[in-house]
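I opened this entry to keep a record of what I looked up, in the order I looked it up. The sequence and structure come first.

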Amino acid sequence: MKGYEILGFLGILRECIKVISKNGKLIATITTISILLNSLLLLAKSSSTRPAMSDLFSQETLLSVSNPNTTNITFKRIAKDVQIIIGFDFLYFLPSLAISLFAFVTTVLASVVAYSDRNLSFADFLWRIPKLCFRTLVTTFHLILLSTGYLGLLLILLISLVILCIDHPLVLVPIIITLGFLAFVFYMYLAVVWDMASVISVIEKSCYGIQAIGKAEGIVKGKRLHGFTLSLLCTIVTAIISQSFKVRPNQQSLSTQIICGFFATAFNCLVEMVYLLSYTVLYFQCKELHGEEVELEGSLEYGKIPDKEAAQGQVRV
């Protein structure tokens, strides 16, 4: 493992390639399913909200030239369009959450099987998914609470600064920019533990929620910089992809929006897949660094699968 300390996160990415080579078919299948499901969900959402979005943009244009008699009517239509869009966002939240949980759990589980060089029957692989999704969901709920608390404290601090420096905009602006940058960096620093907690929820038996967060805090010591670099790199790449395929509903046709949305979804799913593989590899490296035994969920047997067993539905490692 000394080589990884020299190469840093590049060594982790290199190890991901080995994981993909061992269990490439399963990981590719999971990623493809994730891309297709997310694309279908995006298509359904775009088709559902397009009339409201088009009307919203037209009402915004009319608002700039409307007279006082028609302003109230325009505002009511804008409010109605916004309600429809928000309603569809809530409607598609649960399917999106289910797809995200499925992709997260299956990708981590497949990478664990490959990295640890263990065997797991395909039936057992499928049987574990609902339970692991529930555990990951519990951990995600705790992480949302922590994120909300962090953002709430940041908002209170920003409001306090605005109140104190409202008469000194030349001082306020650089302070807000600096604070925003530091808050982002610290959030990425915290996200190393939070993302590791989600991975632990899948890998380790009966360890999820607050317990997983506490355990993640302990095992990332000595490797936190690598995790921070991975998280920062993933965030930057995702932002570049989002900006590259960004469209305005009132300026591009529906077909253009669908094509751009598909490619953005596909590339983001690929980035997410590599990110999850990287954090799984990081988990094993952290455990080895601290001399801890890996407590894998369930009974994963060591050894390679004979050809006959592989033909009968074993997940090949």
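How many helices and strands does the protein chain have? I counted eleven helices and three strands. The model is a predicted one, and I read every value below with that in mind.

**Entry 1: layout.** I wrote down the order of elements from the N terminus, which is α-α-α-α-α-β-α-α-α-α-α-β-α-β. The chain has 317 residues, and 39% of them count as buried. For the accessible surface I got about 17600 Å², with 69% of it belonging to carbon and sulfur atoms. I then took the contacts between residues at least 6 apart in sequence and found that 79% of them join residues at least 24 apart.

**Entry 2: the core.** I asked which residues have the most contacts inside the largest nonpolar core. They are Val108, Phe125, Met196, Ile200, Tyr279 and Tyr283, in a core of 62 residues. At least two residues of this core come from each of H2 (9–22), H3, H5 (93–115), H6, H7, H8, H9 (224–244) and H10 (254–289). H7 supplies the largest share, 14 residues. As background, nonpolar side chains tend to be buried together in soluble globular proteins.

**Entry 3: a nonpolar patch on the surface.** I next looked for nonpolar side chains on the outside. Ile33, Leu37, Leu40, Leu43 and Ile258 form a surface patch with about 380 Å² of accessible area together. Helix H3 (residues 24–65) gives the most to this patch, with four residues.

**Entry 4: Lys45.** I stayed in helix H3, where Lys45 is also placed. Its relative accessibility is 29%, so Lys45 counts as partly exposed. Apart from neighbours within four places in sequence, Lys45 is in contact with Asp89 and Tyr92. I also noted that Lys45 and Phe88 are 43 residues apart in sequence, while their C-alpha atoms are 7.1 Å apart.

Entry 5: Is Thr139 buried or exposed? Thr139 is buried, at a relative accessible area of 0%. It sits in helix H6 (residues 122–164). Setting aside residues up to four places away in sequence, I listed its contacts as Ala197, Ser198, Ser201, Tyr208, Gly209 and Ala212.

I followed that list to Gly209, which lies in the loop between H7 (169–203) and H8 (210–219). Gly209 is buried too, with a relative accessible area of 2%. Beyond its neighbours within four places in sequence, Gly209 touches Val138, Thr139, His142 and Ser201. From Gly209 to Leu143 I read 8.4 Å, C-alpha to C-alpha, across 66 residues of sequence.

**Entry 6: cysteines.** How many disulfides does the count come to? The count is zero. I looked at two cysteines anyway. Cys207 is buried at 1% relative accessibility, and Cys286 is buried at 0%.

**Entry 7: salt bridges.** The count came to five salt bridges, and I went through three of them.

Lys18 pairs with Glu15, the closest N and O atoms being 3.8 Å apart. The two are three residues apart in helix H2, so about one helical turn separates them. Lys18 is partly exposed, with a relative accessible area of 44%, whereas Glu15 counts as buried at 11%.

Lys215 forms a salt bridge with Glu204, at 2.5 Å between the closest N and O atoms. Lys215 is in helix H8 and Glu204 in the loop between H7 and H8, so this pair ties together parts that are eleven residues apart in sequence. Lys215 is partly exposed at 24% relative accessibility, and Glu204 is buried at 0%. I also found Glu204, Lys215 and Lys287 linked in a network of salt bridges.

The side chains of Arg224 and Glu217 meet in a salt bridge, 3.3 Å from N to O. Arg224 is buried, with a relative accessible area of 13%; Glu217 counts as partly exposed at 35%.

Key: Residues numbered from 1 in each chain as written. Predicted model: local features only at pLDDT ≥ 70, side-chain atom pairs only at ≥ 80, totals over all residues. Heavy atoms only, no water. Patch = residues over 30% accessible without salt bridge, like charges linked within 9 Å, V, L, I, M, F, W, Y side chains within 5 Å. Areas by Shrake-Rupley, 256 points an atom, 1.4 Å probe, with all protein chains shown as cover. Salt bridge = Lys/Arg side-chain N within 4 Å of Asp/Glu carboxyl O. Buried < 20%, exposed > 50% of the residue type's maximum accessible area, 1.4 Å probe, protein only. Contact = heavy atoms within 4.5 Å. Disulfide = S-S within 2.5 Å. Core = buried A, V, L, I, M, F, W, Y, C linked by side-chain atoms within 4.5 Å.
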